[in-house]
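Here is a model to read with a few rules in hand. Each label below is tested against its cut-off.

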Amino acid sequence: MFRYLPLPRKLRMNLNTDSIYLNSDPDKQAIDVDETTEWCPTTLKMLPSAPSRVLEKGRMDPLSSSREQPVHMPMLSSLVYPVTSILSRRVHESYTVANILLVTTYTAIIFYVGLYKSNPFTDPLRAGWVVASQIPFVYILATKNNVIGMLLGVGYEKLNYLHRLVGRLMVIGANVHAIGYLYKWNIAGITSTELAQPYVRWGLVSLVCIDLLGICSTQFVRSKSYNLFIITHALGLFVLLFSLCYHRPACIPYVIAASVFYGVDHLVRIAKTRITTAKLRPIPELGLTRVEVRNINAGWRAGQHVRLRILSTGMGLLGLTEVHPFTIANVARTEEGLILMCKKSGRWTTKMYELSSTSKYSEQGREVGKTVKVMIEGPYGGLGNTVLSSYSGALFIVGGSGITFALSAVQDLVQAGSASSVRVIDIVWSIPDIASLTPMIPFFSSLILQGTFAQVRVSVFYTRATKGAFQGMNLPPGMTLQPGRPKTVKLLDEVVTSTQCLGGATGVLVGVCGPVALANDVCEVVRTFDIHRKRAVGGVEV
């Protein structure tokens, strides 16, 4: 969970003047133009320094130099290539062959147990007990502090598809159980008599809860009304457990198991929650809101995310109740604290952007931004048991606001210095608008300059480039800007070659964050990459 560390505080300045941190003022240019320079028409008068423990070129922080490089433990995909190559193939959206096999096997087991030597119309009780047996699993898989995820070393979001699977199987089983009894009672002519029984009425309450949860969990409802999805889940989950106890007292052990896991999860979530003050700043070029939480400066790893709730009436009544996940965009233990980059993509994030655009006048002049109370919960997810600094090379392919994942990961590697085995770091960023690059140039330049022990390169791809779109734009060394979409095969080949040339033999890590299509493309390229090249560099892992 998050920790508070006392750090020396310095006066924060705007990026466009003397700031060393990414910031943007809508009324100022992000790059100063100096027509007298002989280097290029556009020069950067100030480059921001990404937080780092490297003091200067060729000189290390004693804390970094005294640490040993971590031991690299390859993933299963590098050890058993022929099998994992087949299992990691993506066949539908983000589902791999392994995911589908697991889903198919689990579904087959449930149907086998429910139908073995049993007729659902003459023996509907069996379906009911199968549903009851799944109650602990559906609750465990719904928790943020997931016990199964901890054992497997993955975040709860990676197991959410199993939660949905178990939930849908429960919906099917509950309806088979209810319809079977109604059919049986109707044949015997005792339907009205049975429906008058208290335990049957509690069973109908349970059925309504399960069906309501199933319907409101569909993609259509979640996309149209996320609040309805949250409210029905919050109420339905409690009512379901309560009604099951009265429907069949034999269900109480299953209910207790689910309640324990769910209760412990919420206690841990409370312990991970902080209510503090944050500064909201708009970055128009990127179409996002930068959230700065200076009071929280430690307790997370690169790639992890937090759940954010803004406690301001400016978000509206419904906005106050909403919680949204965002990837942390920086490393821990820096003066700037925790940084989030929240893309304006929906009603809630649009309101947050509008709230951040509020301007006021102070002693320093006009200041754009808004100070609000926020509730931060987390961190969650991330890279699990993967140790970034144990690899020899790293390639981060991101799209749009997915750059936040790459920023935190690369800063972490740059900070590690000699304690990291990584010697080649490539960032590949796809953007639909060239204006998105402007406020990021100083930060990228700083990362490149601070790459004392690792070669840092940044490749930006302008996916909607038109003829002449790059005229008059010059970038500092180490950065490239190209039209079109990135050729993943070529980029991966370059990173593997560079890593081998520098003597790397502990593998290349490929990180991807962005649209599903981008993730699928990257995973497919890694899966089909030349096996001999993979073995020579120590493996290529996603």
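Q: What makes strand S15 and S16 a pair, and in which sense do they run?
A: This is a predicted model. Two strands pair if DSSP finds at least two bridges between them. Strand S15 (residues 508-513) and S16 have 2 bridges, in the parallel sense. The count meets the cut-off of at least two, so they pair.

Q: Which strands form the open sheet with parallel pairing, and in what order?
A: The sheet has 6 strands, ordered S14-S13-S12-S11-S15-S16.

Q: Why do strand S14 and strand S16 stand at the edges?
A: Strand S14 (479-483) and strand S16 (540-541) each have a single partner strand, so one side of each lacks a neighbour in the sheet.

Q: Which helix lies across S15 and S16, and at what angle does it run to S11?
A: Helix H18 (residues 488-501) does, at about 160 degrees to S11. H18 also lies across strand S11 (393-399), strand S12 (424-431) and strand S13 (455-462). Helix H19 (residues 516-528) packs on the sheet too, touching S11, S15 and S16. The direction of H19 makes about 160 degrees with that of S15.

Q: What is the strand order in the open sheet with antiparallel pairing?
A: The order is S6-S5-S10-S3-S4-S7, 6 strands in total. Strand S6 (324-327) and strand S7 (338-343) are the edge strands, pairing on one side only. Neighbouring strands here are turned by 40 degrees against each other on average, direction ignored.

Q: Why is strand S3 called largely enclosed?
A: Buried means under 20% relative accessible area. In strand S3 (residues 273-283), 8 of the 11 residues are buried, so the rest of the structure largely encloses the strand.

Q: How do you know that S3 pairs with strand S10 and with strand S4?
A: Count the bridges. S3 and strand S10 (residues 370-381) have 8, in the antiparallel sense. S3 and strand S4 (residues 288-293) have 5, also antiparallel. Both counts meet the cut-off of at least two, so both are pairs. Ala278 stands opposite Val372 in S10, while Arg281 has Arg290 of S4 as its bridge partner. In the hairpin of S3 and S4, 4 residues lie between the strands, and Gly287 takes a positive phi near 65 degrees.

Q: What else pairs with S10?
A: Strand S5 (residues 304-311) does, antiparallel, over 7 bridges. Arg307 stands opposite Glu377 of S10. Helix H13 lies across S3, S5 and S10, at about 60 degrees to S3.

Q: Which residues of helix H5 are buried, and what covers them?
A: In helix H5 (residues 125-133) they are Ala127, Gly128, Val130, Val131 and Ala132. Their cover includes helix H4 (97-115), helix H6 (135-140), helix H8 (160-188), helix H10 (198-216) and helix H13 (252-271).

Q: Why is Cys209 called buried?
A: Its relative accessibility is 9%. The cut-off is under 20%, so Cys209 counts as buried.

Q: How do you know that Cys251 is in no disulfide?
A: The nearest cysteine sulfur, that of Cys245, is 7.6 Å away. A disulfide needs the two sulfur atoms within 2.5 Å, so Cys251 is in none. The count for the model is 0 disulfides. Cys251 is buried as well, because its 5% relative accessibility is under 20%.

Q: How much of the chain counts as buried?
A: Of its 542 residues, 48% do.

Methods: Residues are numbered from 1 along each chain as its sequence is written. This is a predicted model: local features need pLDDT of at least 70, side-chain atom pairs count only at pLDDT 80 or more; totals for chains, interfaces and linings use all residues. Side-chain values use heavy atoms; hydrogens and water are left out. Contact means heavy atoms within 4.5 Å. Axes are lines fitted to C-alpha atoms, for helices over the stretch in contact, and angles run from 0 to 180 degrees between N-to-C directions. Buried means under 20% relative accessible area, exposed over 50%, partly exposed in between (1.4 Å probe, protein chains only).
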